[in-house]
Amino acid sequence: MSRIIRRVSTEIARHLRQFVKFPSTEEDYNVNRNMFHAIAQFPGISGVIDCTHIPIQSPGGQFAELYRNRKGWMSLNVQLICGPRMEILDIVSRWPGSTHDSRIFMNSAICQKFVNGIVRGILLGDNGYPQLPYLFTPVLEHHLRTPAERRYNRAHRTTRNIIERLNGIWKQRFPCLRRRLLTKPVTTQAVIVACAILHNIGILRQDIFENVEEVPLDIVPVANANAAQNPRGHIVRQQFIQRHFM
């Protein structure tokens, strides 16, 4: 059984670039942005980002404790970016559970694609991420000063809820993602990627779960992200709020 799981998962994972990807044409970009805008009138969104912990058995060795997350159990911290249909646009599944969300993003290929303008638009993330010109986070509650900032936060929260629903659907569709995966690390990563691909195939075939019990989003400490704050990002966000939420 273990050999079959490894072979099948690895073979499915080979098709990652075919099924897990951002839109490739301007027309498809516009469709996604319009669908996101229809949720809460937040303009220019390309995707919503968050990390979710997938339970695993201890990989053993001298670095095993790196996989123990802040809740005390072993996991991979998996980064997901989702689209307006709850499709997965990007996935990173190789980081141990103790790794902060912002570090995963800043070291990811998709981050460099946003920096270099290969992928356009805005990502929405929580305060576990730094505010950047292409990644918009909520205004911290104790920094809220104007009605426009409150409208921005409300639209941000409502739109970002889509990744909470994705987490619920993904983990209900594939219960192994909620239980402790007992496979070897390389196979575990292949299983997670295979589940992302199969989820997107389900979306394409309109195989949608109904009445899904949502998985609450983690409240991620902001301290680590604050160290990487980009002053230009805050200026861009303030100008964005004044332009779209006044």
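In which sense, parallel or antiparallel, do strands S1 and S4 pair, and over how many bridges? S1 and strand S4 (residues 122–124) pair in the parallel sense, over three bridges, where two strands count as paired if DSSP finds at least two bridges between them, and where helices (H or I, at least four residues) and strands (E, at least two) are DSSP runs numbered from the N terminus. This is a predicted model, in which local features need pLDDT of at least 70 and side-chain atom pairs count only at pLDDT 80 or more, while totals for chains, interfaces and linings use all residues. Residues are numbered from 1 along each chain as its sequence is written, and side-chain values use heavy atoms, with hydrogens and water left out.

Strand S1 (residues 45–55) is mostly covered, with 11 of its 11 residues buried; buried here means under 20% relative accessible area, exposed means over 50%, and partly exposed lies in between (1.4 Å probe, protein chains only). S1 also pairs with strand S2 (residues 75–82), this time in the antiparallel sense and over eight bridges. In this pairing Cys 51 stands opposite Gln 79 in S2, and Val 48 stands opposite Cys 82 in S2.

S2 itself is largely enclosed by the rest of the structure, because eight of its eight residues are buried. In a regular strand the side chains alternate between the two faces of the sheet. Both faces of S2 are covered, with Ser 75, Asn 77, Gln 79 and Ile 81 buried on one side and Leu 76, Val 78, Leu 80 and Cys 82 buried on the other. S2 and S3 pair in the antiparallel sense over six bridges, and the bridge partner of Asn 77 in S3 is Trp 95. These two strands, S2 and S3, form a hairpin with five residues between them, and Met 86 in the turn has a positive phi of about 70°.

Arg 33 has its place in helix H3 (residues 26–40), and at 17% relative accessibility Arg 33 counts as buried. Not counting residues up to four places away in sequence, Arg 33 touches Glu 26, Gly 44 and Ile 45, a contact being heavy atoms within 4.5 Å. Gln 41 lies in the loop between H3 and S1 and counts as partly exposed at 48% relative accessibility; phi of Gln 41 is near 60°, a positive value in a residue other than glycine. Phi of Gln 206 is likewise positive and near 60°, but Gln 206 is placed in the loop between helix H7 (185–204) and helix H8 (223–226) and is exposed, with a relative accessible area of 69%.

The largest pocket holds about 460 Å³ of space. Of the 22 residues that line the largest pocket, the closest to its centre are Arg 17, Val 20, Asp 90, Ile 110 and Lys 113. On a 1 Å grid over the protein atoms alone, a pocket is an open set of points where a 1.4 Å probe fits, with protein on both sides within 12 Å along at least five of seven lines, and lining residues have an atom within 4 Å of a point. Helix H2 (16–19), strand S3 (88–96) and helix H5 (109–115) each supply at least two residues of this lining, and the largest share, six residues, comes from S3.

The structure holds 10 aromatic pairs, where rings of Phe, Tyr and Trp (its six-membered ring) pair if their centres lie within 6.5 Å, with planes under 30 degrees apart counted as stacked, over 60 as edge-to-face and the rest as tilted. The rings of Phe 114 and Tyr 134 have their centres 5.9 Å apart and their planes at 20°, so the pair is stacked. Because Phe 114 lies in helix H5 and Tyr 134 in the loop between S4 and strand S5 (135–136), the pair ties together parts that are 20 residues apart in sequence.

Methods: Points joined across faces, edges and corners; volume = space filled by probe spheres on them.
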